[in-house]
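Subject: Structure handover

Hi,

Here is the structure for you to look at. My notes follow below it.

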Amino acid sequence: MRQAGNVELNPSSREVFVADERVVLRTKEFDLLLTLMDHLNMVLSRDQLLNLVWGYEFYGRTRTVDVHVANLREKLAGSSLSIETVWGKGYKLVVVE
């Protein structure tokens, strides 16, 4: 079980709850949130996220990470978590209370 702010994530059941309300995530959205929660307050580059979540290194440009981050931000709206963009570096998950 992982918890950050009012978000609870259960890796074994692959369920996510925001303030005790279930949020349905797609497979890669769940994997991305799990990875960001495991690296709370740490900046992860797009390349690192591709490697950790999608399992490959990508040389070049991809919008895959950006699209999944945008979807996850939308689904976590109203929670105490925020996925911040660190310009030129990547993304980091923070708790905002």
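Strand β3 (residues 15-18) and strand β4 (residues 21-23) pair in the antiparallel sense, over three bridges. This is a predicted model, so please read everything below as computed from it.

More on that pair. V16 has V23 of β4 as its bridge partner. The two strands make a hairpin with two residues between them. A19 sits in that turn and has a positive phi of about 50 degrees.

Which side chains of β3 are buried? V16 and V18 are, and they point to one face.

Now the whole chain. It has three helices and six strands, in the order β-β-β-β-α-α-α-β-β. For 97 residues, a compact globule would have a radius of gyration near 13 Å; the chain has 13 Å, so the two agree. The C-alpha trace spans about 40 × 25 × 20 Å along its principal axes. Buried residues make up 39% of the chain.

Surface and charge, briefly. The accessible surface is about 5800 Å², with 47% belonging to carbon and sulfur atoms. There are 12 positive and 13 negative side chains, and the centres of the two sets lie 7 Å apart.

Best wishes

How values were computed. Residues are numbered from 1 along each chain as its sequence is written. This is a predicted model: local features need pLDDT of at least 70, side-chain atom pairs count only at pLDDT 80 or more; totals for chains, interfaces and linings use all residues. Side-chain values use heavy atoms; hydrogens and water are left out. Buried means under 20% relative accessible area, exposed over 50%, partly exposed in between (1.4 Å probe, protein chains only). Helices (H or I, at least four residues) and strands (E, at least two) are DSSP runs, numbered from the N terminus. Two strands pair if DSSP finds at least two bridges between them. The radius of gyration is taken over C-alpha atoms; the globule rule is 2.2 Å times the number of residues to the power 0.38. Accessible areas come from the Shrake-Rupley method with a 1.4 Å probe; for residues, only the protein chains shown count as cover. Lys and Arg count as positive and Asp and Glu as negative; His and the chain ends are not counted. The place of a charge is taken as NZ of Lys, CZ of Arg, CG of Asp or CD of Glu.
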